[in-house]
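Please look through the sequence and the 3D structure below before reading on. The briefing that follows takes up a few topics in turn, beginning with a question.

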Amino acid sequence: MASVTLRRLAKRYDPHGRPALEELSLAVNDGEFFVLLGPSGCGKTTALRCIAGLDEPSAGEVLIGERDVTRLDPAARDVAMVFQTHALYPHLTVRRNIAFGLEVRRVPAAEIARRVQQAADRLGLGTLLDRRPGELSGGERQRVALGRALVREPQVFLLDEPLSHLEPTLRAELRAELLELHRALHTTVVYVTHDQIEAMTMGQRIAVLERGRLRQVGTPAELYGRPADVFVARFIGSPGMNILRGRGRGTGDDGGVVDCGAFSIPVSLERYEGEIYLGVRPEHVSLVAPDQGIGAADVRGVEPLGPDTLVRLDGGGEPLVARLHGIPDLRPGDRVGVKLDRRQLHLFDAAGARLG
Amino acid sequence: MRKPDGSRGSRGSWGAWLTYALALPLAILMIAPFLYMVVSALMSEPDSLRHPVPDNFTGALVALPFGRFLLNSLIFSLAVVAGQVLTSATAAYAFARLRFPGRDRLFLAYLCALMAPAIVLVIPRFLLIDAFGWVDSYQGLISTELVSVSGIFLLRQFFRTIPRDLEDAARLEGAGEWTIFWRVIVPLARPALATLAVLAFADQWRSFMWPLVATRSSGMQPLEVGIANLEGVYHVSWSYQMAAAVAAVIPLMVLYFVAHRYFIRGIEQTARV
């Protein structure tokens with residue numbers, strides 16, 4: 001087990017193009033389940049490949065424990081990686097796939113057999129050891145890929161979107177298994193995903209990346225409750241936070257107002273004058289009679305999810321989503337009043353950074 | 001929208017008919033010389049096409065040191081196949097996967113060598129083996145055939161289809177380039193290697209010009225050159241020549257029937273790139 005530290009890590013594939021990674025500094029604690037989250041092209045896989053040693057950073061350092069591994073070969077870093085494509089050797093049996101790394105490192109045959117069996121037992125692969133990857137289901141392949149990583153007993157596990165190719169039910173099942181495995185082994189895990197639900201349910205801490213830049217690092221609760229900017233606010237949550245653009249005026253004595261389209265919203269705002277973004281989670285939007293609340297809006301769509309219903313609204317050109325309990329009696333075209341929970345409003349300046 | 005089965009079926013069958021209509025003349029064109037060869041081999045010379053004479057085969061085999069020619073052809077073809085598969089696979093891996101300065105330009109230079117007609121290279125190749133004193137020897141016959149640009153090209157295209165994650169996974173597990181090449185790439189490339197081996201074998205088995213130039217004695221000549229010598233022994237003995245040609249083509253056909261599954265898969269996979 002070991003911590004992973006990235007110091008001002010940068011990577012540029014094309015000397016004239018946009019950098020894949022810009023001065024990324026992160027500290028992953030020993031034994032932590034850490035998630036790198038972001039949309040495709042945000043640099044999360046690049047960061048993982050730099051930790052693994054498969055890509056050489058253009059600048060910056062990678063430390064595993066106290067050891068600077070920036071210029072070390074992948075094999076010398078004592079990390080194991082699970083790939084999005086599983087990357088199993090199709091010509092080898094499950095047993096040989098799992099044993100490959102140990103065979104290459106010339107571990108004695110008896111020790112290989114013992115460790116392969118141990119990993120197979122832990123992952124429920126006992127009956128599949130003599131099959132080839134082509135004969136396995138997606139979930140089984142993913143378990144074999146995990147087994148191949150486990151058997152090496154590395155200091156750090158690197159997982160690159162390992163569940164993205166699986167169907168949703170299986171994904172949820174494997175998510176739980178991965179967490180259980182982490183609890184049992186206490187090994188440091190760096191997990192890359194574009195799926196914010198996966199990140200929120202698995203990560204002890206999450207780093208959100210966008211276009212090669214770090215936007216925020218924090219626990220799931222911090223990211224959800226206090227997003228650092230508009231991007232994180234929109235990206236975290238399903239659906240993400242409602243962001244209304246308007247003009248803000250702050251008087252300094254806990255009074256202020258944001259005017260956006262049809263809505264005039266009272267807010268707590270220090271001295272401020274100018275463009276502003278107001279964020280509110282769908283569950284903090286409620287519907288009242290059309291002549292009440294901050295203003296009126298038209299219902300554009302109703303999406304019942306079972307326990308909740310998402311109601312898509314149009315408030316004078318501003319799109320807004322409300323999450324209501326149960327299945328309300330609403331239809332597209334209905335006119336309703338909008339009420340926001342004043343304690344749950346988020347304000348961002350014109351550049352998108354959090355205010356307060 | 002999907003059309004009723006009838007119209008889809010008739011359109012499908014029209015397409016099939018058109019394909020067959022185009023393919024049939026080509027197939028006849030391809031097989032006709034072969035059939036003519038087999039038929040001529042069975043005919044006596046003055047009454048050709050009337051009285052089949054199986055004795056032509058024994059005649060041809062007795063008139064020539066057929067066994068020696070066959071052995072020479074086998075040694076020549078198999079040695080070249082082994083050499084070409086090895087050199088093509090290693091070079092193709094370097095061109096497909098290793099990073100070194102000037103890699104793609106060097107590959108382009110190799111491809112340019114494909115443009116040069118083989119006949120142009122016969123004289124420099126002969127001068128080269130002559131300088132080594134290898135004329136009329138196996139070394140002379142084999143050495144200049146050991147590298148095949150088209151083989152490198154074929155395998156490079158195939159190697160590029162192998163997912164890079166497999167190599168990265170092996171690299172993380174501690175495998176060096178040689179281990180990755182032998183334990184991951186080569187086993188996965190078996191269909192392409194088999195294709196190259198069949199193509200190279202057929203190419204060398206049928207090779208005439210180079211063995212004609214590089215050998216002098218009948219002890220060194222492969223089948224193709226030896227069969228051509230029948231002309232000298234019996235003026236123009238078409239029946240004997242054809243009988244010998246039929247005998248010479250049999251190993252190729254056997255090889256193709258044994259390896260055709262691999263062969264077709266290999267061609268398909270490399271053509272997809």
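How many residues does helix 5 of chain A have, and how far does the helix reach from its first C-alpha to its last? In this predicted model, helix 5 of chain A covers residues 168-185, which is 18 residues, and its reach of 26 Å is close to the 26 Å expected at 1.5 Å a residue. Just after this helix comes A:His186, whose phi is positive, at about 55 degrees.

**Chain A as a whole**

- The secondary structure of chain A consists of 8 helices and 20 strands, and its C-alpha atoms, taken along the principal axes, fill a box of roughly 80 × 45 × 35 Å.
- Chain A has 356 residues, of which 42% count as buried.
- If we take the contacts in chain A between residues at least 6 apart in sequence, 64% of these contacts join residues that are at least 24 apart.

**The two domains of chain A**

- The domain assignment divides chain A into domain 1, with residues 4-233, and domain 2, with residues 239-348.
- The centres of domain 1 and domain 2 of chain A, taken over C-alpha atoms, are separated by 39 Å.
- Where these domains of chain A meet, 4 residues of domain 1 are in contact with 7 residues of domain 2, and the side that domain 1 contributes has 3 nonpolar residues, 1 charged residue and no polar ones.

**An open sheet in chain A**

- In chain A, 6 strands form an open sheet in the order 6-7-8-3-9-10, and the pairing within this sheet is mixed.
- Strand 6 (79-82) and strand 10 (213-218) of chain A stand at the edges and have a single partner strand each, so one side of each is left without a neighbour in the sheet.
- On average, and with direction ignored, neighbouring strands of this sheet are turned by 15 degrees against each other.
- The partner of strand 6 of chain A is strand 7 (residues 156-160), and the two pair in the parallel sense over 4 bridges; here A:Met81 has A:Leu158, in strand 7, as its bridge partner.

**Strand 16 of chain A and its partners**

- Strand 16 of chain A (residues 295-304) runs antiparallel to strand 17 of chain A (residues 308-315), and 6 bridges join these two strands.

**Where chain B touches chain A**

- Between the chains, 14 residues of chain B are in contact with 16 residues of chain A.
- Helix 8 (164-172) and helix 9 (177-188) of chain B each supply at least two residues of the side of chain B that touches chain A, and helix 8 gives the largest share of that side, with 6 residues.
- Sorted by class, the side of chain B that touches chain A has 8 nonpolar, 2 polar and 4 charged residues.

How values were computed
Residues are numbered from 1 along each chain as its sequence is written. Chains are lettered from A and ligands numbered from 1 in the order in which they are written. This is a predicted model: local features need pLDDT of at least 70, side-chain atom pairs count only at pLDDT 80 or more; totals for chains, interfaces and linings use all residues. Two residues are in contact if their C-beta atoms, placed from the backbone, lie within 7 Å. Ala, Val, Leu, Ile, Met, Phe, Trp, Tyr, Cys and Pro count as nonpolar, Asp, Glu, Lys and Arg as charged, and the others, Gly among them, as polar. Domain bounds come from an automatic or database domain assignment. Two strands pair if DSSP finds at least two bridges between them. Axes are lines fitted to C-alpha atoms, for helices over the stretch in contact, and angles run from 0 to 180 degrees between N-to-C directions. A residue is buried if 20 or more other C-beta atoms lie within 10 Å of its own, exposed if 12 or fewer, and partly exposed in between; C-beta atoms are placed from the backbone. The expected span of a helix is 1.5 Å times one less than its number of residues.
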